[in-house]
Amino acid sequence: MADKLNNGAESPDGGDDRPDFRLSGVSKHYGNPERPVLRDLNLDIAAGERLVIIGRSGSGKSTLLNLLGALDRPSAGEIRYRGQRLDTLDESRLAAFRRREIGFVFQAFNLVPTLTVLENLLLPAELNGLPRRTAAARCQRLLAEAGLAELAARYPDELAGGEQQRVAVLRAVVHEPSVVIADEPTGNLDLDNARRTLDLLQAHSGDRGRSLVMATHSRQVIGRATRLLEIRDGRLVPAPC
Amino acid sequence: MLSRRPPHYQAWLVLLAGLRFHARHPAQLLLTIAGIALGVAAVLAVDLASDSANRAFAATARLLRGQASHEIVRPGGLVPEAVLAALRREQGIAASAGVIEGRVRLADDPGRAYRLVGRDPFAATRVGARLAPFGDAALWRRLLATADAVLLPAPVAQALALNAGDELVLADPWPGRRLPVLAVIDDDRQRLIHADLLTARELFAPGGGFSRIDLRIDERSAARLRPWLERQGLVLRSVPERLAQLTGMSRAFRVNLQALSLLTLVLGGFLVYSTVAFAVVRRREIFGLLRGLGLARRQLQLAVLAETAALALAGVALGLAGGIVLGSGLVRLVLRTISDLYLVAAVNEFTLSVAALAKAVMLGTGAALAAALLPATEAALTPPAEAMHRSAPLRRAPRRYRQLLLLALVGLAAAAALLATAPALPFAFAGLFLLLVALALAVPPALAPMLRGCGRLLARFGSLTGAWAARGAAAQLVRTGPAAAALMLAVATFSGIGLMIGSFRSSVGIWLDYSLDADLLLRLPAAPGVDEQSLLDELRELPGLAGWRLDRRRPLPDAAGLGSLRAVRSDPRHGRWPLSAVPRAELLRSLAAGPAVIVSESLASKRGLRAGDRLTLLTPSGARDFEVLAEFVDYSSDLGTVAMDLDVYRRYFGDRALDSVGLFARPGSEQQLARAAAELAARHRGMRVISTDFLRDISLAVFDRTFTITEVLRLIAGLVAVIAIVNALQAQRLDSARETAVMRALGLAPGQLLRLSLFQSGLLGACSGLLAVPVGLLLAWLLIAIVNRLAFGWSMGFAVDVGLLVDSVLLAALAGLLAGWWPARQALRWPPARGLREF
Ligand SMILES: Nc1ncnc2c1ncn2[C@@H]1O[C@H](COP(=O)(O)OP(=O)(O)OP(=O)(O)O)[C@@H](O)[C@H]1O
Ligand SMILES: [Mg+2]
């Protein structure tokens, strides 16, 4: 239990000792600068760590995750990924960064409704310019391992919520990103489906040198953390478990 | 306990939510209002134009009605003056007045013929010609006292830029003769000149006689008079009968306008429907949510209707303003056209008709409310949970498509039945209307497989993002369907009308080749007459001349007197006229052989004449039957033309006058002949040489002007197409905000997104454009084969202009691309995080 609460920035792989992410003085506001959602954040995220962010609804968890995933830009401060500044990159480079380094899982509506399960999994590969044949084999294998093989040809709206979420997890890791970002991945699921989704997430990240950042309200998720932080009044504070 | 009747503030809440929604999507709001406005404006403008044409024809009819109940004419000649005296003395008919009229050409405006009518003003008042509005009695007294004086109707004076005290100079007859303008009078007819009997007699009847005698008698006296007149070779015609025919002639023109107004109605209706339906459908989820919160169905419908009514009000108000502006332009075009084609009274340029306004308002609000009510009712009927689920409509689409297809098939069957069986125009119109609506209904079910097919192909050949774009377009058809239907209709109208005009124009071109087959036309003055024998002697001397054709034209001498008769002496070796199914040489030979005629198609279809039938014409020696040999093509008038051999004509009608001589040059000698003919004409007063190329150009110019209003409608259709596609793409962008954000989170680059959006919009445009090809062909064919045939009696060849069809597909695709650009840029303006918050 103790190592799960480990707040240190150890890197299990031992390879690169530079942190994956380094946030310094990051603030974010929408509209009114007097009332920032995040204020003056400093945060290092080490490779391979499983960081969980908690906080009341509206505290800014999604906002922080969006900044990490380069889906949005900070109002002030610097965000570095492996030493490279993100906040100054143009949109095409940010897209390339997301495409290669990040895998996302959202709370719901992750999958593109007009593409089948298999096609959804193939998307990141196509965007990264990987050959279709090898990618298809890999996707089939991932689906089989997750026990979802027979869903390959179905459309997302023909899947149960839990199945959708597990496919989303697979899509987030299929292109072997360095970081997986999951915003309330179990928010819409029952206990059993939440457990299976988290198992899948954990199987593909956190312990293979691939860091995992999650935001949640759920105890179940908190239980998977190697580090736990809380956003309170726009600031990050270490949370006691 | 819960109250069964929810308080009214709930409806207000929905309304408030609606207003906020619009405030957050201002572009969408503007587009909706613009869509309604354009639909309303188009319908109003075309109706106003159509109204003004109707008023012009009605005013003409009123003027004619004021004159006389009957008229006496003598086929092929003038009515002897003694008849008038005998009428008054022997028959006791005081209400009778002799009239002498004829065509004149003016030196200032030689291209057009004017009608100069000479009356005895005091006798004329007795038959009821309304002199008062034309000026007072003192004026007429001065007219009688001044030699050669004329009175000009205001529009004529204006057109010629003449005032009282100026002079008219004649070009034909009596070239150079000056007629002083005594006054400009309050008459609203065009191309008409008033004179007294004496002046007209000097111009047209130096030997005495009247063109006609106007009478005001009842039917009993008419019956008594008839045998007495017939004994003298005279004919009594009833004016109301002629009037009926005049109305018949204007009908053709009105039918064309009605067809246009119908097209705009369908087009406008779909445009309004598509814009409003989209604005409402967008909020299905919100409605589902509100229903989930306990809002009653009634309340929801009420709120949506109230909101739509507000939108419609704004759109209709704008549309009415636009329609009035556009309409006043169209009215001017139409009036100019009909005064080119028919001799009609000028009408007040522009009057707003309550009926047209009401129709436009009803179209705008009706289509808007229907467009709002259907989706709102659907939202109200679906269980709240399902309505909240975003992809619900996606799954349900196929069933709805089957219903749409079924409806379309029923509509098509009904339309086909109407078009096939009913020979009358109202049925043809109803059929056309049904057909267009049915085809528009079939657009979403037809587009869906096309787009999905593209998606499947793309997925197979490796572009999942392309497949995403194509399938997205297919899935969103549930929302963009009406806009796609409007686009298809607009493009079909655009190409269909273009094909129709093109076909007609090429038919007219061919006809002109046949009817203006001579190289030069020598127009002879009506007076002083030209001695035929010496003219022929002079012609024989012309260098470079291969042959000639003598031509006499006059109003058709039958009971109605509308239409024209053409008597021709044509050398079979030269020229091409007439254009007919029967070989030309054979036709000319049979015409020369006996009392036979050929009739234009329009006359044949109006009177139900066929080859072998007999046509009765009134000759000076009584009614005569002429055998109809064949039909020939003649677009010069929709009243119809009858042609016969000149010698046969002279034998039966005793009229030796000639109007023109067509000259055929020997190959290579055209220039030489032209110079020689000009010299010949210069030796005779009032004789003119006209190049047939020039006539051809003029004819085509008049043709083009006739169809200007149709061209304007084409442009409106183009505009509808653009608004429809912008609307559809705006719909797509808003609808796919979340999906797009997910794609961007996956790393779709801005450039890729832009390309995909353009691909998607171009694809939607191109597919709608492709569907519009067969519809446009069908529309053109129907307009040509049914509407024009029924209305004008003209048949035209169907010239399929492949280039035009390709152009319209490209146009649709291009409109799609252009319209897709802006929403795509818009989508890129925000970071993906924002799209993830959109539901
Ligand atoms: N695009 C935006 N425009 C305006 N305000 C925003 C926007 N996105 C987030 N906010 C505001 O920022 C604050 C933080 O939002 P955020 O979604 O990050 O909260 P959260 O911690 O993820 O909440 P939850 O647990 O409910 O998901 C909220 O007050 C929200 O209203
Ligand atoms: Mg959140």
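**Figure 1. The interface of chains A and B.** In this interface, 28 residues of chain B are in contact with 27 residues of chain A, contact meaning heavy atoms within 4.5 Å. The structure is a predicted model, in which local features need pLDDT of at least 70 and side-chain atom pairs count only at pLDDT 80 or more, while totals for chains, interfaces and linings use all residues. Residues are numbered from 1 along each chain as its sequence is written, chains are lettered from A and ligands numbered from 1 in the order in which they are written, and side-chain values use heavy atoms, with hydrogens and water left out. About 2700 Å² is buried between chain B and chain A, with 63% of this on carbon and sulfur atoms. On the chain B side, the residues that lose the most area to chain A are B:Leu464, B:Arg471 and B:Leu746, which together supply 26% of what that side buries. Buried area is the accessible area (1.4 Å probe) that two parts lose on being put together, summed over both.

**Figure 2. Ligand 1 and its surroundings.** Ligand 1 lies between chains A and B. It is surrounded by 13 residues, of which A:Ser57, A:Gly58, A:Lys61, A:Ser62 and A:Thr63 are the closest; a residue is near a molecule or strand if one of its heavy atoms lies within 4 Å of it. The shell comprises two nonpolar, seven polar and four charged residues. In this classification Ala, Val, Leu, Ile, Met, Phe, Trp, Tyr, Cys and Pro count as nonpolar, Asp, Glu, Lys and Arg as charged, and the others, Gly among them, as polar. A polar side-chain atom of A:Ser57 is placed 2.5 Å from an oxygen atom of ligand 1. An N or O atom in the side chain of A:Tyr30 is 3.5 Å from a nitrogen atom of the ligand. For A:Glu184, the distance from a polar side-chain atom to an oxygen atom of ligand 1 is 3.3 Å. Of the 630 Å² of accessible area that ligand 1 has on its own, the protein covers 66%. Accessible areas come from the Shrake-Rupley method with a 1.4 Å probe, and for residues only the protein chains shown count as cover.

Figure 3. A:Glu184 is located in the loop between β7 (179–183) and α6 (191–204) of chain A. Helices (H or I, at least four residues) and strands (E, at least two) are DSSP runs, numbered from the N terminus. The phi angle of A:Glu184 is near 45°, a positive value in a residue other than glycine. A:Glu184 counts as buried because its relative accessibility is 15%, where buried means under 20% relative accessible area, exposed over 50%, and partly exposed in between (1.4 Å probe, protein chains only). In chain B, B:Asp148 belongs to the loop between α5 (137–145) and β4 (150–153). Its phi is near 65°, again positive in a residue other than glycine, and B:Asp148 is buried at 15% relative accessibility.

**Figure 4. The surroundings of B:Thr692.** B:Thr692 is part of helix α24 (residues 692–706) of chain B. With a relative accessible area of 7%, B:Thr692 is buried. Its side chain reaches two backbone oxygens, that of B:Ala518 at 2.7 Å and that of B:Asp519 at 3.0 Å. A polar contact is a pair of N or O atoms within 3.5 Å; within protein, one must be able to donate a hydrogen and the other to accept it, and residues adjacent in sequence count only if both atoms are side-chain atoms. Not counting residues up to four places away in sequence, B:Thr692 touches B:Leu516, B:Ala518, B:Asp519, B:Leu520 and B:Leu521.

**Figure 5. The surroundings of A:Ala239.** A:Ala239 follows β10 (235–238) in chain A and is buried, its relative accessible area being 14%. When residues up to four places away in sequence are not counted, A:Ala239 touches A:Ile54, A:Leu228, A:Leu229 and A:Glu230.

**Figure 6. Cis peptide bonds in chain B.** The bond from B:Asp172 to B:Pro173 is cis, with omega near -10°. B:Pro173 sits in the loop between β5 (167–172) and β6 (178–185). B:Trp577 and B:Pro578 are also joined by a cis peptide bond, with omega about -5°. The loop that holds B:Pro578 runs between β12 (564–570) and α20 (584–593).
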